[in-house]
Amino acid sequence: MPSIHVLRREQRLEAPPSVVFPFFADARNLEAITPPLLGFRLLTPQPIAMGVGTFLQYALRVHGVPVRWDTLIQEWDPPHRFVDVQVRGPYRLWHHTHSLVAVDGGAATLMRDTVRYSVGFGVLGEAARRGLVRRDLEAIFAFRAERVPGLVAGLG
């Protein structure tokens, strides 16, 4: 049985969930909040009707290696929560829950990301996770934490 790891992040955004949710629900915005080094591109043709069952395709580069990443929206509860899961990609398991909670009487949002992931490949995969994958995920979510507040603030 492969090891399942959990990455949790929490961030306060100075906009209500009714503004924050549509930003994250637009798959095109993922490019703007992903480090440029990954060359992340949305391949799914526009327009995209988001909801349970929406299938999204991306291309990216992981340490220079081209990777296709296909995800499926598994849960959809605007403006509170949605879940995307990997159907095809670099992980054995990728289950990402996006939760948005109104704070300060609804004027701001507490955004929570919970990613359950598994690399697979036994001992070699675990070594890769410890040496590269964990660090890469930390860097990706740190980049998002820096970028998102400014992008969301301009929407309110």
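**Close-up views of the predicted model**

**View 1. The largest pocket and its lining.** In this predicted model, the volume of the largest pocket comes to about 850 Å³. Its lining comprises 40 residues, of which Leu38, Leu60, Trp69, Tyr91 and Ile140 lie closest to the pocket centre. Sorted by class, the lining of this pocket consists of 28 nonpolar, seven polar and five charged residues.

**View 2. Elements around the largest pocket.** Helix 1 (17–25), helix 2 (29–32) and helix 3 (122–153) are among the elements that each give at least two residues to the lining of the largest pocket, as are strand 3 (55–62), strand 4 (65–77), strand 5 (81–88) and strand 6 (93–103). Helix 3 provides the largest share of that lining, with nine residues.

**View 3. The largest nonpolar core.** This core holds 34 residues, and those making the most contacts inside it are Val20, Phe24, Tyr58, Tyr91, Trp94, Tyr117 and Leu137. At least two core residues come from each of strand 1 (5–13), helix 1, strand 3, strand 4, strand 6, strand 7 (108–118) and helix 3. When residues up to four places away in sequence are not counted, Val20 touches Leu13, Ala15, Leu100, Thr109 and Val152.

View 4. Seven strands, arranged in the order 1-7-6-5-4-3-2, form an open sheet with antiparallel pairing. Strand 1 and strand 2 (41–42) are the edge strands, each of which pairs on one side only.

**View 5. The pairing of strand 4 with strand 5.** These two strands are joined in the antiparallel sense over seven bridges. Ile73 stands opposite Asp84, the latter in strand 5.

Note on methods: Residues numbered from 1 in each chain as written. Predicted model: local features only at pLDDT ≥ 70, side-chain atom pairs only at ≥ 80, totals over all residues. Heavy atoms only, no water. 1 Å grid on protein atoms, 1.4 Å probe; cavity = no way out; pocket = protein on both sides within 12 Å on 5 of 7 lines; lining within 4 Å. Points joined across faces, edges and corners; volume = space filled by probe spheres on them. Helix = DSSP H or I, 4+ residues; strand = E, 2+ residues; numbered from the N terminus. Nonpolar A, V, L, I, M, F, W, Y, C, P; charged D, E, K, R; others polar. Core = buried A, V, L, I, M, F, W, Y, C linked by side-chain atoms within 4.5 Å. Buried < 20%, exposed > 50% of the residue type's maximum accessible area, 1.4 Å probe, protein only. Contact = heavy atoms within 4.5 Å. Pairing = 2+ DSSP bridges.
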